[in-house]
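We will walk through it together, one part at a time.

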Amino acid sequence: MAGKLKGFDVAVEINEQRCRSCGICYEVCPEDVLEPSTPLRKALIKNLDSCTGCRLCEWLCTDWAINVVATPLAQAAVGS
Ligand code: SF4
Ligand code: SF4
């Protein structure tokens with residue numbers, strides 16, 4: 001299980017091609033899940049286990065580079 005959203009498995013998908021290194025997502029994430037890469041400062045996942053699935057990063061990314069997917073744990077178990 002990934003993330004802190006009860007009953008869900010959370011995935012944060014980052015499209016590296018779309019990311020233009022603006023920094024919004026890793027500055028706003030309240031759980032410090034994301035960090036900048038070196039040296040390009042594109043968004044990377046640092047600590048997915050802390051993600052609450054709030055989707056703030058997805059909503060504020062102006063380049064549609066982030067997709068937060070929350071899968072119910074029962075469904076994730078069936079798929080695995
Ligand atoms: S908000 Fe979007 S464009 Fe900006 S660093 Fe994050 S993923 Fe990249
Ligand atoms: S969904 Fe929320 S907690 Fe998870 S990485 Fe995005 S801003 Fe951070």
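The shell around ligand 1 is made up of nine nonpolar, two polar and three charged residues. Remember as you look that this is a predicted model. Which residues of the shell come nearest to the ligand? Out of the 14 residues around ligand 1, they are Cys-19, Cys-22, Cys-25, Cys-61 and Ala-65.

Now step back and follow the chain as a whole. Starting at the N terminus, its elements come in the order β-α-β-β-α-β-α, which gives three helices and four strands. The chain has a radius of gyration of 13 Å, close to the 12 Å that the globule rule gives for 80 residues, so it is as compact as a globular protein of that length. Of the 80 residues, 21% count as buried.

How does the chain come together with itself? Take the contacts with a separation of 6 or more: 56% of them are accounted for by residues 24 or more positions apart.

Leaving aside residues up to four places away in sequence, Ile-45 touches Val-12, Ile-14, Val-33 and Leu-34. Look at Val-33 in particular: 12 residues separate it from Ile-45 in sequence, while the two C-alpha atoms are 6.0 Å apart in space. Why does Ile-45 count as partly exposed? Because it has 15 C-beta neighbours inside 10 Å, whereas a buried residue needs 20 or more and an exposed one has 12 or fewer.

Notes: Residues numbered from 1 in each chain as written. Chains lettered and ligands numbered in written order. Predicted model: local features only at pLDDT ≥ 70, side-chain atom pairs only at ≥ 80, totals over all residues. Contact = placed C-beta atoms within 7 Å. Near = placed C-beta within 6 Å. Nonpolar A, V, L, I, M, F, W, Y, C, P; charged D, E, K, R; others polar. Helix = DSSP H or I, 4+ residues; strand = E, 2+ residues; numbered from the N terminus. Rg over C-alpha atoms; globule rule 2.2 N^0.38 Å.
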